[in-house]
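Could you look them over alongside the coordinates?

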Amino acid sequence: MVKPLIAITVGDPCGIGPEITAKALAIPEIYNLCRPLAIADAGLMGEAIKIAGVNLSVRAVTSPGEGRYEYGTIDVLDMQNVDLNQLQYGKVTRMGGEASFQYITRAIELALAGEVDAVTTGPINKEAINLAGHHYSGHTEIFADLTKTQDYCMMLVDKNFRVSHVTTHVAFSQVPSLIKKERVLTVIKLTNDALLKMGISMPRIAVAGLNPHAGEDGLFGREEIEEIGPAITAAREQGIQVDGPVPPDTIFVKLQGGQYDAVVAMYHDQGHIPTKLIGFKYDNATGKWGSVAGINITLGLPIIRTSVDHGTAFGKAGKGTANPESMVDALKMGAIMTRT
């Protein structure tokens, strides 16, 4: 069986993305699962290898077909867009924003053309992207725009802990007005489809309420009665196994305990906080992150996109201390999702 070809966009050159890419590709298991192709500047990846302290080399290519995909050598589709003399680790720069945006657009082009099977993205800096003139609020919105996708959503995954989001990068004050039946139903359906692609034959989904106690029968808000509840009813009528609205303060405990395969959260922090509490471990005594597990998947796209679930970590950039766990998990999930 031919292993899937996964394009890795290394993210902002000024952050930890190139380093964690090098560290992930120093793990032989990754090459057993897929054929990884870094979309980056070849010189940048050479520097990343030194920073990561791994025994690898770089092979610059101009197309996926030129790659050899052999452990020990990172195949890099060389974008030639980073001046190493101008590179400033840990800084927001126009060069970093422009380079990271070009990596994304090239990977999307390759995926849409069928030249790669999936895209795994490293962390970008939103300020740098916008400084370079590309006005997006994040990866998810870039992928949706460039693939001309209208119905999409973000899902965070840490092993069996999976959370989709009805809204993400909007002000909290705007959230209630965005909780509409059709949008909630769309996210339920996208979540169900994703779970099927992950090999779960009969997905069990729970939908969180927006308000405390899921509204308490309208006492604390009517979104559950007027929008969320009707969406759940419509999903059940389409054969989807779904519960809710479930009070937000207990729904994630039930997910962690295995009662559900995924939760649909109403807004960014409702879903992100519990997921990162599960996957991220910080030791104040050492000042180090013992774990940065978990990944981000964009559902609804015509291509497969998985991502790390953390930022550029400018404070660690260039120091060789970044943890590649999330990048490794994202590559593994990308390989799994190509099987269906």
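Predicted model: local features only at pLDDT ≥ 70, side-chain atom pairs only at ≥ 80, totals over all residues.

1. Take H4 and H6 to begin with. H4 covers residues 94-112 and H6 covers residues 139-146; their axes come within 11 Å and cross at roughly 45 degrees. As for hand, H4 goes past H6 in a right-handed crossing.

2. Which residues make the H4 contact with H6? On the H4 side you'll find Phe 101, Ile 104, Thr 105, Ile 108 and Leu 112, and they meet His 139, Ile 142, Phe 143 and Leu 146 of H6. Sorted by class, that contact has seven nonpolar residues, two polar ones and no charged ones.

3. On to H8 (residues 181-197) and H9 (residues 223-237). Their axes lie 8 Å apart, and the two helices pack at an angle of about 45 degrees. That angle makes H8 oblique to H9. The crossing of H8 and H9 is right-handed.

4. Who meets whom between H8 and H9? H8 brings Lys 181, Val 184, Leu 185 and Ile 188, while H9 brings Glu 227, Ile 228, Pro 230, Ala 231, Ile 232, Ala 234 and Ala 235. By class, the H8 contact with H9 has nine nonpolar residues, no polar ones and two charged ones.

Conventions: Residues numbered from 1 in each chain as written. Heavy atoms only, no water. Axes fitted to C-alpha atoms, helices over the stretch in contact; angles between N-to-C directions. Helix = DSSP H or I, 4+ residues; strand = E, 2+ residues; numbered from the N terminus. Left-handed = near helix turned anticlockwise from the far one by under 90°. Contact = heavy atoms within 4.5 Å. Nonpolar A, V, L, I, M, F, W, Y, C, P; charged D, E, K, R; others polar. Parallel < 35°, antiparallel > 145°, perpendicular 65-115°, else oblique.
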